Protein chains: 2
Amino acid sequence: MTPSPNLSVYVSADESKSTTRDEKIFRELLQAIIDRRLRPGTRLPEDSLGEAFNVSRTTIRKALQKLAQQRLISMEHNRGARVAQPSRKEAEDVFTARRLIEVALIPKVYENVKSDAYKELHTLVKQEIAAREAGKFQEEVQLSARFHVQLAVATGNLILGEQVAQLTSLSSLIISLYGTSASVGCDCGEHKDLLALIESGDIAKAQHWMDHHLEKIYQTINTSMDSGEEVDFKSLFSS
Amino acid sequence: MTPSPNLSVYVSADESKSTTRDEKIFRELLQAIIDRRLRPGTRLPEDSLGEAFNVSRTTIRKALQKLAQQRLISMEHNRGARVAQPSRKEAEDVFTARRLIEVALIPKVYENVKSDAYKELHTLVKQEIAAREAGKFQEEVQLSARFHVQLAVATGNLILGEQVAQLTSLSSLIISLYGTSASVGCDCGEHKDLLALIESGDIAKAQHWMDHHLEKIYQTINTSMDSGEEVDFKSLFSS
DNA sequence: AGACAACAAACTGTATACAATTAAGAGGTA
DNA sequence: TACCTCTTAATTGTATACAGTTTGTTGTCT
């Protein structure tokens with residue numbers, strides 16, 4: 001069972017594997033999107049990308065297609081690809097889905113507290129705290145995302161891991177679009193607390209913690225969305 | 001927010017839309033896989049497919065890539081594509097994920113009982129019963145799958161709808177691989193019962209129904225897997 | 001000036017060509 | 001017969017060419 005390219009960005013697995021060129025490009029673009037070097041709406045012409053990566057359009061398209069399937073970029077017919085600009089509805093749906101799934105998977109994480117995958121969570125928390133104290137903001141955000149993905153992986157269910165990885169990538173994009181610095185940085189409490197709750201065996205509390213955690217993240221972007229600019233012409237001019 | 005090609009197979013939406021050729025091919029192949037005309041393991045050479053659909057390999061590859069991303073086909077480097085043969089672990093993971101997600105989304109379905117999307121569920125149930133009574137087996141299976149997807153769509157959350165659509169497609173493939181006629185046909189009770197429970201407002205019972213429903217489907221394939229042939233050489237010869 | 005049409009540039013959609021790789025079979029040798 | 005190697009057919013990986021579409025601009029006419 002090969003992990004998807006998206007998941008492999010988060011999981012610190014065997015880096016040595018023979019990654020094909022298009023996969024490399026996929027990962028580089030994904031990385032650029034989730035850490036905000038490529039802003040939402042940025043056009044992604046196949047030619048220029050091809051020159052940048054020294055490959056033909058064929059290879060670029062392969063990578064772009066994968067990104068499109070994850071909704072990270074949007075491709076309109078004959079109009080090319082650009083970094084996606086998720087609508088507010090889409091943003092809401094992503095976070096709703098995350099709350100639903102990530103809350104529900106906590107019992108399964110508890111069943112696997114003794115696995116290596118679970119231990120990795122402690123490593124990630126440590127790195128996250130270290131990054132915060134060192135003021136390495138970008139790194140902290142990354143590690144925060146990886147924590148959520150790793151939590152899903154720690155259920156031992158790769159399918160779930162992939163789903164969460166995809167939602168997490170989308171979240172990064174959404175935060176990049178609507179978020180303030182607050183929504184990225186302040187994760188309203190440490191992920192360490194969650195691990196403590198899980199290890200104490202208080203599943204209900206752990207689930208509540210997660211629900212609250214994700215809700216709060218969404219709230220920070222939701223409030224900043226209110227002051228946004230997006231206009232729905234369709235409903236505006238539906239005489 | 002454009003629905004993914006996978007979701008659009010299940011949702012009886014506007015068929016008239018300008019579907020590109022590769023999307024059409026994607027859907028035809030998907031359809032062929034989920035209703036078992038293409039058996040797991042079948043090779044899918046680009047040339048032959050290109051001739052069959054009267055397009056070049058370029059277009060075929062586009063479709064194949066999408067299928068691969070959903071794990072419905074497997075593509076090995078330089079060795080081409082074939083209809084996926086999910087491992088038992090993968091099969092288990094898919095059904096675990098489904099139980100987790102589909103149980104958790106029931107409260108959100110309840111919130112939307114008045115939506116058109118919910119009403120569509122009743123239509124599907126009627127068609128399903130009609131198909132069963134008419135002995136149209138294939139159609140019944142299809143409609144059963146569509147019911148599950150529509151349930152997710154009825155939450156009003158397209159992201160969830162897509163996730164469930166993907167898992168449902170995979171389930172069809174898994175049943176095709178490991179299932180007996182029992183696992184396909186006998187859904188151990190009517191979907192109608194679930195709607196009744198939801199409408200009565202007894203969420204807990206509805207959730208339990210769903211959990212049991214999916215567990216039972218998995219059980220029928222799980223028992224038939226036990227008598228299967230798959231051999232794990234790695235664990236067998238790990239001296 | 002404003003509106004409209006024709007043109008041009010940039011880009012994507014699709015097909016095809018060639019290189020690279022795999023898999024299988026033929027032929028030779030011990 | 002068993003085993004190895006070389007050759008060949010089939011198939012994928014990647015680049016490139018050309019057609020079609022979109023978008024913006026220029027120029028003309030009113």
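## Surface near DNA strand C

How many nonpolar, polar and charged residues does the surface near DNA strand C have? In this predicted model, where local features need pLDDT of at least 70, side-chain atom pairs count only at pLDDT 80 or more, and totals for chains, interfaces and linings use all residues, that surface has 8 polar, 6 charged and 3 nonpolar residues. Here Ala, Val, Leu, Ile, Met, Phe, Trp, Tyr, Cys and Pro count as nonpolar, Asp, Glu, Lys and Arg as charged, and the others, Gly among them, as polar; a residue is near a strand if its C-beta atom, placed from the backbone, lies within 6 Å of it. Residues are numbered from 1 along each chain as its sequence is written, while chains are lettered from A and ligands numbered from 1 in the order in which they are written.

Among the 17 residues around DNA strand C, those that come nearest are E46(A) and G80(A) together with S56(B), T58(B) and N78(B). The most residues, 3, come from α4(B), helices (H or I, at least four residues) and strands (E, at least two) being DSSP runs numbered from the N terminus.

## Contact between the chains

Chain A and chain B each give 23 residues to their contact, two residues being in contact if their C-beta atoms, placed from the backbone, lie within 7 Å. On the side of chain B that touches chain A, α4, α5 (88–104) and α9 (158–178) of chain B give two or more residues, and the largest share, 9 residues, comes from α5(B).
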